Amino acid sequence: MKLTADFDAIKNTWDDFVLSGKIGSHIRKPIIDSWLRCQKAGLDPHALNRTPTVSETNFRKRLEQNKVLLDVSIPFMVELQEFVNKSGFSTTLTDPNGVILELICDQSILKEAFTKNLVRGSIWNEHMAGTNATGLAIDLLQPIQVIGAEHYYECYHELTCSAAPILDAHGKLLGVMDMAGPKEMAYPHTLGMVVAATKAISRQLCIAESNRQVDLTNHYLSTVIDSMTDGVVAVDVNGKIIGINSHGAKILKTTTFDSYGKNILEIMDGETILDHNGNVPPSLEEKDKHIITKSKKINCLINSKLILHDNGTIAGAVATLKDMDKKTPLSDKAKRKGTRFTFDDIIGDSSALLRSVHLSQIAAKGSATVLLEGESGTGKEMFAQAIHNAYQSDQPFIAINCAGIPESLIESVLFGYEEGSFTGASKHGKIGKFELARGGTIFLDEIGEMPLNTQTILLRVLQERYIQRIGGDKDIAIDVRVIAATNKNLAEEVKMGRFRQDLYYRLNVLQINIPPLRKRKNDIPILAAFFLNDITRTCGKFIEPLHPSTLATMQEYEWPGNVRQFKNAIEQAVNFTETNRIDDYFISSYLPNLDAELTLREEPQAIETKVLQPDVDLKKMERSAIKNALALFSERKKAAEYLGISRSTLYRKMKQYHLED
């Protein structure tokens, strides 16, 4: 049944209002109130032909800000439009300011819609489009239908619009959904359909926000658990592993990736966390007891606690593990020769990193040549030392940076020389790095920078396993493991003729790729917590855990310098902050500065003209940040806390930038 509406009476009332300001009795109060506001604002009811639109840049920003709203709402819009298909209706979704984010309409009215500027990006609040359903829904926060001449602008008198607000759990306006069509098609159930859709959208958004909060809480918990020095493993009532931190995986000689979903009995032998009835064995509950991991014979202490449902039934159990065979850091370091890193020092839980660690652990068991490929700053030497220390920690580890030795000296450095072999040589001769590494590992970093002549000699050494010193004729047998590393694609270098193909195949026995930080961004919170704890302990500061927004800023950045650059960012922020926390201000000001430094490195010819630019930019950024903080907070103390600086520093900066008033 159509909505009862006397179009002529409404039109006559609108004419009287426009011509003489007379307010008739046929118009609802919300409509009259809107007309009066439009009249007071000086809007000409005959003037508007096309609703104004926002700029393309502004529109893209609004789409990004309302992505969740769009993702949830569009399926409902499509469904609504199907109900009124081929009836001349359109369905729109606007943001809280009345800007259309999405429009779905019949093909038959596309031209007419475009004529009225009913397009994405057009503004349909009351200030821009006069009295209309979307604008009133924004102002009233209630559903409403506007028919024919109830619209303030005459160009919309042939339309009927039904709109309802989309609210969050706290009643905050998130957007408005509107269905518009010919005024003759004004049905009461049209508004009812829109209201039902917006309520469903609000429920979905509340669920999505609740899930986001749960995810955030879980993220906090997983970060805390992963930062614990003890191993932690959680199982369900059937003994299936549903959670394990990196320390627990290392103790049990597995990985978190491989562990999920497995039964605990597949990893641990003998007494376990739950018995076959789903109970914690009495000998383990609240007590420490030695256990043996399956086939690995690793001795550790385990303490188990039950997890119960509200009704008292068992849901599962959580256990903490202590590795009793793990030697103290001091004894480990005393045992190592020229190294300090083990696999325990490789921080991260991403599948890409764990795969690299797993392959490295396999490689460590043998003596085959290893080729580590990865960008600068990814930790290739850390992996090399970890491979060495797994089984050769009491043997020498000799590292050579092939890019840092002049071409004329690299052979003498690697292989040594005899007395008087060349001008300037020591009269006693000198032992080379390969001989120094005998019985251990030689690490050839930046192998892609090695000169072609030296590559030929290195190939012979790797094939025949002996060397000759420069100026000597004695074959010296070598028993060393070779680990090479490069930030170049050696296969491409071979194609370009800059690296010997036969040497590449000799080095590429066990190839391990170290992932860049941008491909393991889920590790950023773990790395941040680790570096923050390590750096603050060294400098004697207390810094609160990083806020999720700060971590999100870090995860958005590409980190071209990888983990090395990431650690530098944390260290700079820790040293510069004058409070006990690191805000987004420090990180966001550090990252653009890095971009400027990288630009200078990439374009050395422009250093003279650009070298002062970062300082200028940083001063502008600092002044802008302080000015914004002063605008946000009337109290200087709160402004200083927001910026992460002391009040005395704030006053000094205000004076420096003439912001005292």
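Predicted model: local features only at pLDDT ≥ 70, side-chain atom pairs only at ≥ 80, totals over all residues.
**Note on the sheet and a helix pair**

1. In strand β5, D178 is the residue that A163 stands opposite.

2. The strands concerned are β4, covering residues 159-167, and β5, covering residues 173-182. They run antiparallel and are joined by nine bridges.

3. Both strands belong to an open sheet of five strands, whose order is β2-β1-β5-β4-β3. The pairing within this sheet is antiparallel. At the edges stand β2 (100-105) and β3 (144-147); each has a single partner strand, so one side of each is left without a neighbour in the sheet. From one strand to the next, the twist averages 15 degrees.

4. A separate point concerns helices. Two packed helices are described by the angle between their axes and the distance between the axes. For helix α12 (residues 351-364) and helix α13 (residues 380-392), the packing angle is about 40 degrees and the axes lie 9 Å apart. Since angles under 35 degrees count as roughly parallel and those from 65 to 115 as roughly perpendicular, α12 and α13 are therefore oblique to each other. The crossing in which α12 passes α13 is right-handed.

5. Which residues make the contact between these helices? From α12 come L353, S356, V357, S360 and A364, while α13 supplies F383, I387, A390 and Y391.

Conventions. Residues numbered from 1 in each chain as written. Heavy atoms only, no water. Pairing = 2+ DSSP bridges. Helix = DSSP H or I, 4+ residues; strand = E, 2+ residues; numbered from the N terminus. Axes fitted to C-alpha atoms, helices over the stretch in contact; angles between N-to-C directions. Parallel < 35°, antiparallel > 145°, perpendicular 65-115°, else oblique. Left-handed = near helix turned anticlockwise from the far one by under 90°. Contact = heavy atoms within 4.5 Å.
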